[in-house]
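Q: Hey, can you walk me through this one? I'd like to start with a helix and then look at the ligand.

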Amino acid sequence: MKRAIVPTQAERVMRDDDFIVSKTDPKGIITYGNPIFVEFSGYTEDELIGTQHNIIRHPDMPRSAFKLAWDTIASGREFFAYVKNMSKDGGFYWVFAHISPDLDADGRIIGYSSVRRCPKRSAIEAIAAVYARMLAAEKAAGARNAIAAGTQVLVEVMSREGMSYEELVFAV
Ligand SMILES: Cc1cc2nc3c(=O)[nH]c(=O)nc-3n(C[C@H](O)[C@H](O)[C@H](O)COP(=O)(O)O)c2cc1C
């Protein structure tokens with residue numbers, strides 16, 4: 001069993017010209033990571049390849065955010081999101097991620113690609129507050145109803161702002 005990593009408050013900040021790139025198979029198993037991904041994740045390339053992408057999942061991230069991501073990319077569409085990730089040493093780093101499906105000649109999904117850039121500081125603050133509310137709603141609802149409760153918070157924010165999910169992501 002993998003030992004649980006204790007999250008710390010040590011932040012790694014992406015540089016303006018950094019791109020963190022990774023690719024996965026259709027199940028989210030990492031098949032490629034660029035050197036910047038290796039640097040920020042704190043894992044070696046060998047540790048990353050063949051591992052589920054949730055290896056860098058941060059416990060502050062709501063489950064419902066990943067549900068929305070997977071529903072979107074598995075249906076063949078691209079997805080944009082701010083994500084807080086956790087490095088091997090427990091530190092964290094925020095990214096602005098674009099995930100898209102890789103299709104074969106017949107349009108079947110053969111994997112996913114993801115490119116992440118440095119997010120705006122103001123966006124991180126706004127999104128972190130929404131994620132905290134989604135996470136609190138998930139915890140209060142219990143495991144079985146967590147996804148619905150977290151999603152409901154996001155739906156309320158979208159309806160209050162009068163924006164779709166994607167409009168919201170680009171407006172912050
Ligand atoms: C191409 C691709 C990139 C991903 N990048 C991340 C990422 O940077 N951080 C993350 O926590 N999850 C990422 N995920 C989602 C994970 O596969 C996983 O769904 C998520 O970490 C939540 O973990 P869980 O499904 O075990 O709850 C990515 C998935 C794909 C397909």
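This is a predicted model: local features need pLDDT of at least 70, side-chain atom pairs count only at pLDDT 80 or more; totals for chains, interfaces and linings use all residues.

Q: Which residues are buried in α5?

A: A146, A149, G150, V153 and L154. They cover an arc of only 140 degrees around the axis, so they sit on the same side of α5.

Q: What do the buried residues of α5 pack against?

A: They pack against α3 and α4, the latter being residues 121–141. On the face turned away from that buried side, α5 carries the exposed residues V155 and S159.

Q: And what follows α5?

A: G162, which has a positive phi, near 65 degrees.

Q: Switching to the ligand: how many residues surround it?

A: There are 16, and the closest are G28, H53, N54, R57 and Y112. By type, the shell has 7 nonpolar, 7 polar and 2 charged residues.

Q: Where does G28 sit?

A: In the turn of a hairpin formed by β1 and β2, with 5 residues between the strands. G28 has a positive phi too, about 90 degrees.

Q: How do β1 and β2 pair?

A: In the antiparallel sense, over 3 bridges. K23 stands opposite Y32 in β2.

Notes: Residues are numbered from 1 along each chain as its sequence is written. A residue is near a molecule or strand if its C-beta atom, placed from the backbone, lies within 6 Å of it. Ala, Val, Leu, Ile, Met, Phe, Trp, Tyr, Cys and Pro count as nonpolar, Asp, Glu, Lys and Arg as charged, and the others, Gly among them, as polar. Two strands pair if DSSP finds at least two bridges between them. Helices (H or I, at least four residues) and strands (E, at least two) are DSSP runs, numbered from the N terminus. A residue is buried if 20 or more other C-beta atoms lie within 10 Å of its own, exposed if 12 or fewer, and partly exposed in between; C-beta atoms are placed from the backbone. The arc is that of the directions from the helix axis to the C-beta atoms. Two residues are in contact if their C-beta atoms, placed from the backbone, lie within 7 Å.
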